[in-house]
Amino acid sequence: MSKGFLIFAQNNEKDDYVKQAYLCALSGTYSGNKNFTLVTDNPVPQEYYLVFDRVIVMEDDKAKDSDWKIENRYKAFELSPYDETIVLDSDVLVLDKIDWYLFADYDIYFTQNPVTYRGEPVSSGYYRKTFEMNLLPDVYVGMYYFKKCRTAQQFFAILEVVIEEWQEFYSIYCKDHKPQHVSIDVCAAIVCDMLQLHEDRAKDLVNFVHMKLHAQNWDTVGESWQHKVDWYMNNDLKIGNYKQEGVFHYTEKDFCDVMLKRYKECIT
């Protein structure tokens with residue numbers, strides 16, 4: 001069965017998500033992974049094609065007027081060329097070779113237990129009030145897995161409806177602390193709740209490091225985690241002397257340029 005990674009990347013006026021997707025695939029390839037597919041509606045520099053086995057040009061763009069560009073994410077099932085797919089946000093690094101056998105017992109699997117750069121469970125609910133107050137499954141779409149199967153097909157079919165009619169679904173499922181904008185995490189959580197796809201577990205199959213400021217369990221935060229803690233990369237990425245493992249969600253866009261230069265230096 002074919003296995004590979006799928007990354008959606010549609011640029012807006014200020015963010016180059018295609019470049020981030022390139023860095024994501026570059027990091028994953030450097031870590032020993034294979035098969036990265038890019039889905040975009042933007043021009044792709046020729047050098048980027050070296051790390052993608054496929055580049056899919058988006059048709060029927062549902063996110064033309066959106067800044068977050070998540071309205072097409074339900075298309076993952078129909079667009080993925082693989083039998084088994086890991087979908088990644090563009091602003092992540094894949095720091096280890098993924099063991100696909102970890103997902104053998106799952107039709108669809110979501111990250112639920114992100115950790116800080118120190119490897120501690122994220123204890124703050126700062127970014128997850130909608131989930132906590134409405135008892136929604138606390139899923140993260142920064143990294144998730146699915147098989148080409150009936151369960152996943154059903155999930156994505158319903159996800160399309162929830163994304164398109166998000167305000168109506170939020171009125172039902174998010175009565176407390178209702179988001180003002182469509183969120184792929186919230187929409188996925190609603191579908192998981194509808195289909196009873198969530199499960200309680202203490203640890204994720206793949207380490208997911210979430211670098212948003214309020215996710216670090218710090219007493220005080222600044223404007224950037226890069227200003228708060230030192231980091232460096234030789235063969236491994238270390239944040240404050242802690243080696244980073246698994247999938248690293250760096251979140252701060254300017255980190256991309258620095259890391260892109262480092263990976264190119266490592267490869268050449």
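**Entry 1: the contact of H4 with H6.** I looked up which residues of the two helices meet in this predicted model, and found that Gln-154, Phe-155, Ile-158, Leu-159, Val-162 and Ile-163 in H4 meet a set in H6 made up of Ile-184, Cys-187, Ala-188, Ile-190, Val-191, Cys-192, Met-194 and Leu-195.

**Entry 2: how the two helices are set.** Two packed helices are described by the angle between their axes and by the distance between the axes, and I noted both. H4 and H6 pack at an angle of about 125 degrees, and their axes are 9 Å apart.

**Entry 3: what the helices lie on.** Helix H4, residues 150-164, lies across S6 and strand S7 (140-147), and runs at about 140 degrees to S7. Helix H6, residues 184-195, also lies across S6 and S7, but its angle to S7 is about 45 degrees.

**Entry 4: the sheet.** I followed the strands through an open sheet of six, in the order S3-S2-S1-S4-S7-S6, and recorded the pairing as mixed. Strand S3 (54-57) and strand S6 (108-111) stand at the edges with a single partner strand each, so one side of each has no neighbour in the sheet. On average, neighbouring strands of this sheet are turned by 20 degrees against each other, direction ignored.

Entry 5: Last, I checked strand S1 (residues 3-8) and strand S2 (residues 36-40), which pair in the parallel sense over four bridges; the bridge partner of Ile-7 in S2 is Leu-38.

Note on methods. Residues are numbered from 1 along each chain as its sequence is written. This is a predicted model: local features need pLDDT of at least 70, side-chain atom pairs count only at pLDDT 80 or more; totals for chains, interfaces and linings use all residues. Side-chain values use heavy atoms; hydrogens and water are left out. Two strands pair if DSSP finds at least two bridges between them. Axes are lines fitted to C-alpha atoms, for helices over the stretch in contact, and angles run from 0 to 180 degrees between N-to-C directions. Contact means heavy atoms within 4.5 Å.
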